[in-house]
Amino acid sequence: NPDSTRMSPIDIVIMAAGKGTRMKSRTPKVLQKLAGRPLLGHVLALAQQLHARRAIVVTGHGAPEVEAACARLASAGTGFDLKFVRQEPQLGTGHAVQQAVPALAGDGMVIVLSGDVPLTQADTLRALVDAADGQRLALLTVRLPDPTGYGRIVRGEDGTVQRIVEQKDANDAQRAIQEIYSGIMAVPARHLAGWLARLTNDNAQGEYYLTDVVAMAVA
């Protein structure tokens with residue numbers, strides 16, 4: 001439904017603060033190259049395809065390098081307003097998006113993306129925005145044969161999503177769930193700020209999880 005997209009301008013929050021220790025490289029994770037372009041470059045191109053109004057890049061590890069690379073990637077003209085916010089220290093995904101809140105306008109539909117996930121299709125995100133319909137939170141989920149490490153999608157008896165439980169906080173039954181959260185959501189900005197303000201770090205990792213806003217949306 002293109003009308004709903006026009007009604008709610010798209011603002012994209014790109015999580016790019018991580019160190020990427022598994023990469024075994026001094027180069028920040030989001031600047032590792034795929035097909036001749038930094039991972040983050042692919043995500044910025046996706047924002048352009050979605051005709052986003054604004055892209056807010058949350059930086060942390062290697063922030064000056066990441067921000068300079070973003071500015072170079074955007075110098076050819078992207079059609080959207082590019083902003084940077086820093087997450088220092090890094091206290092979880094919810095804390096990361098909290099840093100972006102002051103740069104968000106209340107009338108937008110916020111899409112949360114990861115700077116190291118380069119192959120998401122624009123059509124997939126358009127469908128996600130349509131599912132949110134300017135009113136509600138929508139999640140992109142995936143079913144994996146081995147869901148180890150990912151947040152599990154907990155559904156009620158009627159099949160509706162109830163919450164997301166992170167791996168380290170999940171019980172055995174929840175760990176057996178194969179539907180996982182991809183790290184991508186669409187949520188109206190006017191709801192997001194209030195939910196983020198209510199996050200706590202009472203969990204196994206002592207972090208502020210973005211995924212906790214799902215139970216708030218259900219409530």
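Asp123 and Arg126 form a salt bridge in which the closest N and O atoms are 2.6 Å apart. The structure described here is a predicted model. Both residues belong to helix α5 (residues 122–132), and because they are three residues apart, about one helical turn separates them.

The two partners fall into separate accessibility classes. Asp123 has a relative accessible area of 56% and is therefore exposed, the cut-off for that class being over 50%. Arg126 has a relative accessibility of 37%, so Arg126 counts as partly exposed.

The structure holds 10 salt bridges. One of them joins the side chains of Arg53 and Asp107, with an N to O distance of 2.9 Å. This pair links distant parts of the chain, 54 residues apart. Arg53 sits in the loop between α2 and β4 (54–59), while Asp107 sits in the loop between α4 (93–100) and β6 (109–114).

Arg53 is partly exposed because its relative accessibility is 27%. Asp107 is also partly exposed, with a relative accessible area of 43%.

## Arg155 and Glu179

A further salt bridge connects Arg155 with Glu179; here the closest N and O atoms are 2.8 Å apart.

Glu179, at 4%, counts as buried, since buried means under 20%. Elsewhere, salt bridges with shared partners join Asp11, Arg53, Arg54, Asp81, Lys83 and Asp107 into one network. The Arg53 and Asp107 pair described above is among the salt bridges.

Strand β8 (residues 152–155) runs antiparallel to strand β9 (residues 161–165), and four bridges pair the two.

Together β8 and β9 make a hairpin, with five residues between the strands. Within the turn, Gly159 has a positive phi of about 90 degrees.

## His42 in helix α2

Helix α2 (residues 39–49) contains His42. With a relative accessibility of 16%, His42 counts as buried, because the limit for that class is under 20%.

What does the side chain of His42 reach at 2.8 Å? At that distance lies the backbone oxygen of Leu34. Leaving aside residues up to four places away in sequence, His42 touches Leu34, Arg37 and Pro118.

## The buried side of helix α7

Which residues of helix α7 (residues 189–197) are buried? They are Ala189, Leu192, Trp195 and Leu196. These residues cover an arc of only 125 degrees around the axis, which means that they lie on the same side of α7.

What do the buried residues of α7 pack against? Their packing partners are α4, β6, β10 and α8 (213–218).

Technical notes: Residues numbered from 1 in each chain as written. Predicted model: local features only at pLDDT ≥ 70, side-chain atom pairs only at ≥ 80, totals over all residues. Heavy atoms only, no water. Buried < 20%, exposed > 50% of the residue type's maximum accessible area, 1.4 Å probe, protein only. Polar contact = N/O pair within 3.5 Å; in protein donor to acceptor, adjacent residues only side chain to side chain. Contact = heavy atoms within 4.5 Å. Pairing = 2+ DSSP bridges. Salt bridge = Lys/Arg side-chain N within 4 Å of Asp/Glu carboxyl O. Arc of directions from axis to C-beta.
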